[in-house]
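Okay, everyone, let's get this one up on the screen.

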Amino acid sequence: MSDPVISIRGLRKSYGDVEAVRGIDLEVRRGEVFAFLGPNGAGKTTTVEILEGYRKRSAGEVSVLGEDPEHAGRAWRERVGIVLQSCRLDPYLTVRESLALYAGYYDAPRPIDETIELVGLAGKADARASSLSGGQQRRLDVGMALIGDPELLFLDEPTTGFDPSARRQAWETIAGLRDLGKTVFLTTHYMDEAQRLADRVTVISGGEVVARGTPEDLGDRENRPARITYREEGREVELETTTPVQTLNELTGRALAEGRDLEGLEVTRPSLEDVYLELTEQT
Amino acid sequence: MNLVLHQFRYDQKAFWRNPASVFFTVAFPVVLLLIFATVFGDQTVDVRGGIKTTTYYVPAIITLSVISATMQSLAMSLVIAREDGRLKRGRGTPMPPWVFIAGRIGNSIVVALMMLVLLAAIGRLAYGVDIPWDRLPAIVLTLVVGAASFCCLGIALTAAIPSQDAAAPIVNALLLPLYFLSGVFIPDDQLPSGVIHFADAFPIRHFFEAFFDAYVPGGTAVSWDNLAAVAIWGVVGLLLAIRYFRWTPRSG
């Protein structure tokens, strides 16, 4: 097992009296898509900007690709790609020119046309950035972050404000990055985005980690009570149970014996969205 | 150095495709020269023992165009790039930050030199204003020192501009009155001496005098004291820029 790409111990960051990040630990492994999930104001961007070397931390240990980003130099920047949460690109340069400009900053950039293809902008190579849709601009932004052929890519809320089809296209692009062997650190406040893209998820709220795991077992979803609902004589009945098979068997057995129907019978597990909302509920 | 040229090439592309920069930096000074020459063309100005109005306005408008290509254009474009997040994004790459600034300064100085050529040619062809070829080194030296100094001032000024919307009003509020008070729009002989003294406290007046001296017939080639005053302003601008320039957006 190789060293983790990102390793954080006891990370803290205060702005004046406000503590935005309150002791975060996490590790990101090589080649995985790691989702850092949390509501707005949870400390996601502060954390990611510390990892990117834009901000100084107040306390804790941080290692990204074996270096402290606060003191990392050009060689480190060659290995890292960054897509900021909000960045408008130069409106007067074309897709190809924007990529060529950034390619010139790196020692060993990726081929430009191949990168255009990768982010799905082949038909727009000679269009100016100003003529692209929001989703296309964001994919160009991802292309510019990839042009240096980085090992590690930071994506800060890459689909915020997108319509569903633009999100789907952005997701396809991001999913394609895993196939390239890139390590991706994705921050998002969309549960479904993390679920769709990530190998592992860490949820933060109020500057602290509140849950971590794979999208499937996040928040111990498998072991949470299931909910059974049905109608009986026009009345809604709702049961919560940790042994749904047994409960259901008793329920249906009794109904059959008494010759009744259980109208609108449904068994539901808490959705990932339910778990997420519960975890990040601010008190 | 290759990296600076690389950056410069793309800055040039973006500059010439931007209608606002082409209009305000290139077309506007030409239009001003045509207006002043048309309105006051056959009069004389009572400086240097009396010269034609057009002889006065050609170096005056070149002065304006240099400041416009440097201080004005840089302050606006850097604030826009900063608030768009492009400066911050660039800092996330291996490119050293000074390369970005050097590319922009190079772009400004090249545009300023082009404006010199363009306006001098219009002055010569349309109004018979002689180009003092024998003082060409002095003219270019004055222009480059002025352009570099006003670049520094433009970069420093970005620190005082909080948003994209505020860029044009702040820059114009500073420059327009000083163009009037420094004799760029209104010839010296019609300005009260108190106004000139006031304008002497600012770099535009010194740059105008230095450039005027280098350009008009009977001038003194390099006006060292005025050029030194401009350069001191430039150094102050540079120090302020180093201290206060920021790469990250102020808003949002």
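So, which strands of chain A does helix H6 of chain A lie across? Helix H6 (residues 164-179) of chain A lies across strand E3 (33-37), E6 and E7 of chain A, and runs at about 150 degrees to E7(A). Angles here go from 0 to 180 degrees between N-to-C directions, with axes fitted to C-alpha atoms, for helices over the stretch in contact. Helices (H or I, at least four residues) and strands (E, at least two) are DSSP runs, numbered from the N terminus.

Housekeeping: this is a predicted model, where local features need pLDDT of at least 70, side-chain atom pairs count only at pLDDT 80 or more, and totals for chains, interfaces and linings use all residues. Residues count from 1 along each chain as its sequence is written, while chains are lettered from A and ligands numbered from 1 in the order written.

Now the sheet. It's open, with six strands of chain A in the order E5-E6-E7-E3-E8-E9 and mixed pairing; to pair, two strands need at least two DSSP bridges between them. E5 (80-83) and E9 (208-213) of chain A are the edges, each with a single partner strand, so one side of each has no neighbour in the sheet.

Further in, E6(A) and E7(A) run parallel, joined by five bridges, and Leu153(A) stands opposite Val184(A) in E7(A).

Key
Contact = placed C-beta atoms within 7 Å.
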